[in-house]
Amino acid sequence: MRWSSKLQFSVPSSQFPVSRFPLRTENWELRTRVLAILLATVTLLSAAPSAPVTDEAHISVYSPVAVYTLPVLERGGREYVGLLELLEPLGRVSSQTDGRRWRLRYNTVDADFAAGKTRARIHGHDFDFTAPFLIESSRGLVPLSSLSALLPRFLGTSINFRESARRLFIGDVGIQASFRLDATNPPRLLLNFSAPVNPTISTEPGKLRMVFKRDPVVSPGSQSISFDNKIITHASYSENNGDAELDVTANQPLMATFSDDRKTIIVSAVQPAPATPSGVRTGPQNPTQAAPAGNIAPATHRVLAVVDPAHGGEERGAALTDTLAEKDVTLGFARLLRHELETRGFAVTLLRDADTSSTLDQRATAANVARAGIYISLHATSQGSGARVYTALLPVEGTSNGLFHAWNAAQAPALPVSRIVSAAIVTEMQKKEFPVRGSSASLRPLNNLLMPAVAVELAPGADGVADLTSANYQQRAASAIADAVVSVRDRLGVQP
Ligand SMILES: [Zn+2]
């Protein structure tokens, strides 16, 4: 944790042994086992299904030297792409035009094209397009349907153009995918790839979706595989508009994790959220309250937990190693905690779910406006071991007045419950063998929050700083925090 300069500790360091500016007193053994974890849940309780994303038409090009996408233009009912733009990343290319003819040189290959004509001359040979060549703003446009025949004339290498999917493979670059279902309890689906992959993972009810925008993943043989399993029922492969997509269908929440080398994705079913969470916010339930027409009312009122991955964007937090920034650890940890809380029946909002920055005031305001039942800020440090849990240390009465004071002491009514939450986290983390202690500190934004609020700072375990990126280590911590929050669920909410 590197508190920003706005944060002030108001207790002497002898009582509060936390270094504000962590000193690099050791040469860290750089075992940067950077394990990226992506967690996603498919929750059948979630709201409306996401609307389909409409991308502009584009073509993806995968070659040993470059992976890129180019816009696809529709002209006269056919799809076209700029030829110069297509060849540019692959070699030396130049063009010139007088508006009617277009000359192109690629490496040592000369070509001559005429606007509106289907016949061209390439390296001394005729070439016939499937639709007329076009010149627009000095750019030469060629129909996609001619690429399979056209490109080998320039490149002298084999290509594989999957026209309906707009995916162009130059040379032997395809990444093979294979599936294997482990019928363990809960079951796991292992997706193996012949090279590292970096898909975007998202969920919708009943489905985990992996979209490969830059990876030349090719079909795992069959487009759809059904599994003889009650939970993970099938997987399917599709490709469209330059992207490949793998979807896994299940009737329980799914979680995806990557292996260290990013060549295996493990999709596993997790325990579903309890159908009727036992805790509700303060206030009696009103069984006669009718749901708005057309909406399905949730069975109970779910407590909203706001999880705040500290730092982000330009503000990197502490340098945990030469290459590892605190902001990245807090984000991964926050996603795990979100998952743990969701599986325990909480609604969860992350204050950031990407590498973005926001001020402490913005974070506090977001949590207050959302009327969160609990706020948990996450930090990480390379110093010490285990974890520390903080609650707010409020300004002494009478030292300031007016609105500023009110903002800085907004936490006052909730502070007793915050301390109960902190104690519960200490207890649960100790059960999981983390050396942990609770403290209070005059740190923002805890002071500014209306609901029970804590900050948890994760420190290394027995394996040193590598623990901070270890899925297992983070998972144990997240699970302990979530268990603690469950144990105090009935106390949560904005205090009157
Ligand atoms: Zn921090």
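Reply: A donor here is an N, O or S atom within 2.8 Å of the metal, and water is not among the atoms, so a site may look incomplete. Keep in mind that the model is predicted.

Start at the zinc ion. Three residues coordinate the ion at 2.1 Å: His311 through NE2, Glu326 through OE and His379 through ND1. Along the sequence, these donors follow the spacing H-x14-E-x52-H. His311 sits in the loop between strand E23 (304-309) and helix H3 (326-343), while His379 belongs to strand E25 (residues 374-380), so this pair ties together parts that are 68 residues apart in sequence. Both His311 and His379 are buried.

Now look at a sheet elsewhere in the chain. Four strands form an open sheet in the order E14-E15-E22-E21, and their pairing is antiparallel. Strand E14 (177-182) and strand E21 (254-258) are its edges, each pairing on one side only. On average, neighbouring strands of the sheet are turned by 20 degrees against each other, direction ignored. Strand E15 (residues 188-193) and strand E22 (residues 264-269) share five bridges. Leu190 has Ile266 in E22 as its bridge partner.

How far does the confidence go? The chain's average pLDDT is 79, and 79% of the residues score at least 70. Residues 2-54 stay under 50, and the model gives them 109 contacts beyond four places in sequence. Residues 398-405 are also below 50. That stretch has two contacts beyond near neighbours in sequence.

Key:
Residues numbered from 1 in each chain as written. Predicted model: local features only at pLDDT ≥ 70, side-chain atom pairs only at ≥ 80, totals over all residues. Heavy atoms only, no water. Donors = N, O, S within 2.8 Å, 3.2 Å for Na, K, Ca; no water. Helix = DSSP H or I, 4+ residues; strand = E, 2+ residues; numbered from the N terminus. Buried < 20%, exposed > 50% of the residue type's maximum accessible area, 1.4 Å probe, protein only. pLDDT = per-residue confidence, 0-100. Contact = heavy atoms within 4.5 Å. Pairing = 2+ DSSP bridges. Axes fitted to C-alpha atoms, helices over the stretch in contact; angles between N-to-C directions.
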